[in-house]
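The sequence and the coordinates are shown first.

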Amino acid sequence: MGKLSQTFTVFILAVLLLAACSSETAEQTGGKNEINLLFNFATSSLDPNVDTSYVSLRAGITETLVHLNDESLKIEPWLAESWTSEDGQTWTIQLRNDVTFQNGNPMDGAAVKASLERAMKDSVAIKNALRIESIEAEGHTLTIKTEVPFPEFPSELVHPNTSIIDVSETDFVNKPVGTGPFAVSSFTPGTAVKLERYDGYWDGAALLETATFSFNEDANARSLALQSGDADIVFRPEVESLDSLKAMEGVEVESTSTFRVHQMTMNLQRKPLQDINVRKALDALIDRQMISDTILKGHAEVAAGPFPSSFSFAPDYPEKQSGMDAARNFLKEAGYTETNGVMQKDGKPLELTMLTYSARADLPLIAQIFQSDAKQLGIQVTIQQIEIPEEYMAANRDWDLTTYSNLTAPRGDAGYYLNATYHPKGALNFSGADDDQLTEMIDQLNSTVGQQERSDIAEEIAAYVDEQVYNSFILHPNTLVAYNSDKVKNWVTSRSEYYMLTNKLDVN
């Protein structure tokens, strides 16, 4: 063989070797057609019916019967094709007949019935929210009867914990089998879930071949991950890093108003907080504008109540007394006096335990500001860090206050928040509110059909809650998302925060 032929042969072998290495690398990383989204809440379970981080829905593994249109704030068909009811209590739901689970099994009435029954069995919150008395299935038709007339029942089917799964596949924690565009490839609790495209997806196979939905509760670490290229999309980057992220070529930062409220939840079972004047004093201590300007850098709306001012059911609240002097006067009305710099009553100092959690980086900072202001008034506030607030608050009553963040109207309707937070059976009633007048108003809301009539009642309830100061509302934070716009295509920051990895998401 001549030297030229030998050289050519070596060249061909080198090209083939490089191609093989490139192919192997692409196979290991999912190729270029992959996206890594870094989320701010870790989860140890993918079970869509109980996981409060809603990862299965957000990661495109599961879907619900009803979808929320983020632009119109109206509900629309998703796995359900239509729903009707003549009396608001018996509902006929027609399911899509072209949907399969990620194992190929058909999604029919029997499968959906089994999924909903399993959700209600494993989640008291969902059982209380849906109020279902019975479910009958025939073909792709469901007949659902609620315990009482419940005109807003379809909107409850938007809730991520009502996600439809194939219950014959029993590894709900590690590999739930849903109907979404992505199936679980592997799951490392607390770290990440790896996803692969489900080619049989009813709404058209995803444009991405693979995706990773990973977790890191450290906001600074999330920002650094985007800067280093370890993440393509970062949910809630550190506020202080926004300017440097915006300055980076190929990075897009979005600040979107949502339906969320940062609030101070009060445990009404604790004796000091059973006095409305104590609650008013604590509320008066909160410097909302300063918190918005310093901690959120203006990426928030100061809250007067649970609902952003853009909603029709957000009332015009009366101007409140606020500041140190107002707080001191309220405590005086409650029988407290300041002695040697300590606020006390009957010789007992006012000492409070405040819970907070780091997954939302601004909440511990809000807690620290409140602690500092309370100290000036002679109130000792002990801050306790927890991991999963819903689990801790539901299981323990050894706390007084919690900095907590909650979606208030993710279906464009006030019923979700008011039922969950203030009804005695509410899934998020961590304050322990049990007020007969308030419960009666919420029950009236639940049986009312017309949107204007519902808004009027909801407005009355919001005003009553403000009057009673059952919780303090601090601000409505924007959702902050930063992503690599040179790579990521078709990303949408949803106001509901429910829909993230979709079949339309792509790479450039």
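With a relative accessible area of 0%, N267 is buried in this predicted model, since the cut-off for a buried residue is under 20%. N267 is located in the loop that runs between β13 (260-266) and α8. Its side chain forms a polar contact of 2.9 Å with the side chain of R397. Apart from neighbours within four places in sequence, the contacts of N267 are L273, R397, W399, D400 and S431.

K489, by comparison, belongs to strand β23 (residues 488-489). Its relative accessibility is 37%, and K489 therefore counts as partly exposed. When residues up to four places away in sequence are left out, K489 touches K504, L505, D506, V507 and N508. Between the C-alpha atoms of K489 and P149 there is a separation of 44 Å, the two residues being 340 residues apart along the chain.

The values for these individual residues are collected below.

| Item | Value |
|---|---|
| N267, relative accessible area | 0% |
| K489, relative accessibility | 37% |
| N267 side chain to R397 side chain, polar contact | 2.9 Å |
| K489 to P149, C-alpha separation | 44 Å |

The helices are considered next. Helix α8 (residues 276-284) and helix α10 (residues 324-333) have axes that come within 8 Å and cross at roughly 170 degrees. The two helices are therefore roughly antiparallel to each other, as angles over 145 degrees count as such. On the α8 side, the residues that meet α10 are N277, V278, K280, A281 and A284; their partners in α10 are A326, A327, F330, L331 and E333.

In helix α14 (residues 436-446), L438, T439, M441, I442, L445 and N446 are buried. Viewed down the axis of α14, these residues fall within an arc of 160 degrees, so they line one face of the helix. D436 and E440 are exposed on the other side of α14. The elements covering the buried residues of α14 include α13 (415-422) and α15 (451-468). At the start of α14, the backbone nitrogen of Q437 has a side-chain oxygen of D435 within 2.9 Å.

Helix α3 (residues 109-122) has 14 residues and, at 1.5 Å a residue, should span 20 Å; the end C-alpha atoms are 20 Å apart, which agrees. Its buried residues are G109, A111, V112, S115, L116, R118, A119 and M120. Among the elements that cover them are β5 (90-95), α4 (124-130), β6 (132-138) and β7 (141-146).

Methods
Residues are numbered from 1 along each chain as its sequence is written. This is a predicted model: local features need pLDDT of at least 70, side-chain atom pairs count only at pLDDT 80 or more; totals for chains, interfaces and linings use all residues. Side-chain values use heavy atoms; hydrogens and water are left out. Helices (H or I, at least four residues) and strands (E, at least two) are DSSP runs, numbered from the N terminus. The expected span of a helix is 1.5 Å times one less than its number of residues. Buried means under 20% relative accessible area, exposed over 50%, partly exposed in between (1.4 Å probe, protein chains only). Contact means heavy atoms within 4.5 Å. The arc is that of the directions from the helix axis to the C-beta atoms. A polar contact is a pair of N or O atoms within 3.5 Å; within protein, one must be able to donate a hydrogen and the other to accept it, and residues adjacent in sequence count only if both atoms are side-chain atoms. Axes are lines fitted to C-alpha atoms, for helices over the stretch in contact, and angles run from 0 to 180 degrees between N-to-C directions. Angles under 35 degrees count as roughly parallel, over 145 as roughly antiparallel, 65 to 115 as roughly perpendicular and the rest as oblique.
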